[in-house]
Amino acid sequence: MQRIVILGSTGSIGVQALEVIAANPGRFEVVAISAGSGNLTLLHDQAEKFQVKAVGTTADSFDCSAKVFTGVHASTEIAAMECDVVLNGITGSIGLGPTLAALDAGNLVALANKESLVAGGDLVMNKGRGRIIPVDSEHSAIYQAMLAGKKDEVSQLILTASGGAFRDREDLEGVTVAEALNHPTWSMGPVVTINSATLVNKGLEIIEAHYLFDIPYSQIDAVIHPQSVIHSMVEYVDGSTIAQLSPPNMKGPIAYALSHPHRTIGATKPVDWSQSHSWDFRPIDQSRFPSISLARTAGESGALATATFNAANEVAVDAFVNVEIAFTQIVPVIERTLAASGAHGEPRDLADVLAIEQTARTLAAESVAALKRERS
Ligand code: MG
């Protein structure tokens, strides 16, 4: 039995992880779960159904038969519980503290929270090298493809991108919130969906890949692949490219990370080779999607800069969803924030990350306010 702790259990990743676990009786035991305060009814139902030992929530109070942790540090306490794998499905850089706590406690981490690496960088990898199994579909693919050769034989990592809601739209000036929330392939949370539309998500994933696999930014690229069947690729020095593919379904990478080094039977449907398929690839239009090169530039300056990139994006996405700035102003807010903060280097501890994020949020909010003034 794999003993599993799930952070962010009521979110998209958490719910699907519990479905994988329920579909495989006798293989997994859910030790504990945690979530924010957004869906306490679901959290309660999950706690009862899986008979968990402990539940964490940011809510002030919560009533159930398990041991309850409440408040802002609930997920961090749950992450340090004795188990085999902690699945971190929290969205946003608030997932960093729990990732560090899980690693400090000696737990393996199935990481769906990309912000842990984007904001934590070497701070996380110095503790976590060899003990983090990625859940992000692209990184799960690269992780699997990396098993085909040696790290010093890798010439390039190629992340695939669905291209988001606007891959075929030329003019992005008048994009509405509803349009940006309508993702063509994946069903995900709202922030991730907007990040997918701006391709900021792909920028974050390039940064995530850099830290996870210890490959220089100059050897990590992304390509548009609208069908999202090939989840990413590793190119080796002999010109051979290893890809991992399956019809898009997050249960594949979730199950792979939870049962690593084994595979879970029937975790996801394979490609149906009795049917015809066409899979397209095209380069990313850097002028319509400046987020990729901006993420790379931030990446070259270290995790204090990428933490700034991420925090500024969170502020900008929030401003866009509240109709304060235009869709095309999200990336300029990040760019202005990076320039104003001058952040560079790696964080020494969590306090360094929290401080640089606070600075970034203040600067990003000023940038949003300036853009609003320009618009009115
Ligand atoms: Mg992804």
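**Cysteines, a metal and some rings**

Biologist: Is Cys83 buried or exposed?

Modeller: Its relative accessibility is 7%. Buried means under 20% relative accessible area, exposed over 50% and partly exposed in between (1.4 Å probe, protein chains only), so Cys83 counts as buried.

Biologist: Before we go on, what kind of model is this?

Modeller: Residues are numbered from 1 along each chain as its sequence is written, and side-chain values use heavy atoms, leaving out hydrogens and water. Local features need pLDDT of at least 70, side-chain atom pairs count only at pLDDT 80 or more, and totals for chains, interfaces and linings use all residues, since the model is predicted.

Biologist: Back to cysteines, then: how many disulfides are there?

Modeller: A disulfide here is a pair of cysteine sulfur atoms within 2.5 Å. A search of the whole structure gives a count of 0.

Biologist: Which residues are the protein donors of the magnesium ion?

Modeller: Donors are N, O and S atoms within 2.8 Å of the metal (3.2 Å for Na, K and Ca), and water is not among the atoms, so a site may look incomplete. The protein donors here lie 2.1 to 2.2 Å from the ion. They are Asp136 (OD), Glu138 (OE) and Glu205 (OE).

Biologist: How many residues apart in sequence are the parts that Glu138 and Glu205 tie together?

Modeller: Glu138 sits in helix α7 (residues 137-145) and Glu205 in helix α10 (residues 200-213). Helices (H or I, at least four residues) and strands (E, at least two) are DSSP runs, numbered from the N terminus. Both glutamates are buried, Glu138 at 8% relative accessibility and Glu205 at 1%.

Biologist: What kind of pair do Trp273 and Trp279 make?

Modeller: Trp273 is exposed at 63% relative accessible area, while Trp279 is partly exposed at 25%. Their ring centres are 5.9 Å apart and their planes meet at 75°, so the pair is edge-to-face.

How values were computed. Rings of Phe, Tyr and Trp (its six-membered ring) pair if their centres lie within 6.5 Å; planes under 30 degrees apart count as stacked, over 60 as edge-to-face and the rest as tilted.
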